[in-house]
Amino acid sequence: MQPHQTLLVVDDDLDIRDALQDAFELEGYSVLVAADGLEALAHLRQEGSRPQLILLDLMMPRMDGFAFREALRHDLALADIPVVVASADLHLERAARELDVAGCLRKPLDLGELLSTVRRLSQGA
């Protein structure tokens with residue numbers, strides 16, 4: 001893994017955010033967390049806060065994953081950051097295609113699949 005790779009985890013479930021942060025930090029990543037799309041955009045617009053990958057929940061209050069992804073795609077400074085959506089939504093694959101994301105993972109997450117996907121996509125960024 002390249003040094004100082006940063007991931008942004010966007011999920012409204014505190015337990016999931018904490019568990020993912022712990023798992024990624026054990027793998028050597030720096031991790032930013034956000035409870036919804038608005039908080040995530042605030043992180044991304046801060047100087048020097050550009051992650052190599054965003055792990056995005058779709059269903060959240062205030063700004064859900066769909067609205068966040070739309071905002072990201074319209075911001076030229078952020079549009080090229082790979083996004084992986086994670087959701088229990090029955091139509092996850094269709095939503096992933098519509099959102100034009102790098103990958104999708106079904107909740108509950110399989111840690112091995114998650115880490116493999118993140119490793120593969122973040123190294124290409």
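Apart from its neighbours within four places in sequence, Ala96 is in contact (heavy atoms within 4.5 Å) with Val85, Val101 and Cys104. The model is predicted, so local features need pLDDT of at least 70 and side-chain atom pairs count only at pLDDT 80 or more, while totals for chains, interfaces and linings use all residues. Residues are numbered from 1 along each chain as its sequence is written, and side-chain values use heavy atoms, with hydrogens and water left out.

Ala96 lies in helix H4; helices (H or I, at least four residues) and strands (E, at least two) are DSSP runs, numbered from the N terminus. With a relative accessible area of 9%, Ala96 is buried; buried means under 20% relative accessible area, exposed over 50%, and partly exposed in between, with a 1.4 Å probe and protein chains only. The C-alpha atoms of Ala96 and Leu38 are separated by 20 Å, and these residues are 58 apart along the chain.

Strand E4 spans residues 83-87, and five of its five residues are buried, so E4 is largely enclosed by the rest of the structure. Val83, Val85 and Ser87 point one way from E4, whereas Val84 and Ala86 point the other way. E4 is joined by four bridges to strand E3 (residues 53-57), and the two run parallel; strands are taken as paired if DSSP finds at least two bridges between them. Within this pairing, Leu56 has Val85 of E4 as its bridge partner. Four bridges also join E4 to strand E5 (residues 103-106), again in parallel. Here Val84 stands opposite Gly103 of E5.

The buried residues of H3 are Gly65, Phe68, Arg69 and Leu72. Seen down the axis of H3, they fall within an arc of 95 degrees and so line one face of the helix; the arc is that of the directions from the helix axis to the C-beta atoms. The elements covering these residues include H2, E3, E4 and H4. In helix H2 (37-44), the residues Gly37, Ala40, Leu41, His43 and Leu44 are buried. The arc that they cover around the axis is only 155 degrees, which puts them on the same side of H2. Their cover includes strand E1 (6-10), strand E2 (30-34), E3 and H3.

Arg69, located in H3, is buried yet has no salt bridge. A salt bridge is defined as a side-chain nitrogen of Lys or Arg within 4 Å of a carboxyl oxygen of Asp or Glu. The nearest side chain of opposite charge to Arg69 is that of Asp100, 4.5 Å away; Lys and Arg count as positive and Asp and Glu as negative, with His and the chain ends not counted. Leaving aside neighbours within four places in sequence, the contacts of Arg69 are Leu56, Ala79, Ile81, Val83, Leu99, Asp100 and Val101.

Side chains of opposite charge can pair when their charged atoms come close. The structure holds nine salt bridges. In one of them, Arg50 is paired with Asp80, and the closest N and O atoms are 2.5 Å apart. Arg50 is in the loop between H2 and E3 and Asp80 in the loop between H3 and E4, so that the pair, 30 residues apart, links distant parts of the chain. Arg50 counts as partly exposed at 38% relative accessibility, and Asp80 counts as exposed at 55%.

Asp57 and Lys107 also meet through their side chains in a salt bridge (3.3 Å, N to O). Because Asp57 lies in E3 and Lys107 in the loop between E5 and helix H5 (111-123), the pair ties together parts that are 50 residues apart in sequence.

Glu70 is partly exposed at 36% relative accessibility, as is Arg73, with a relative accessible area of 31%.
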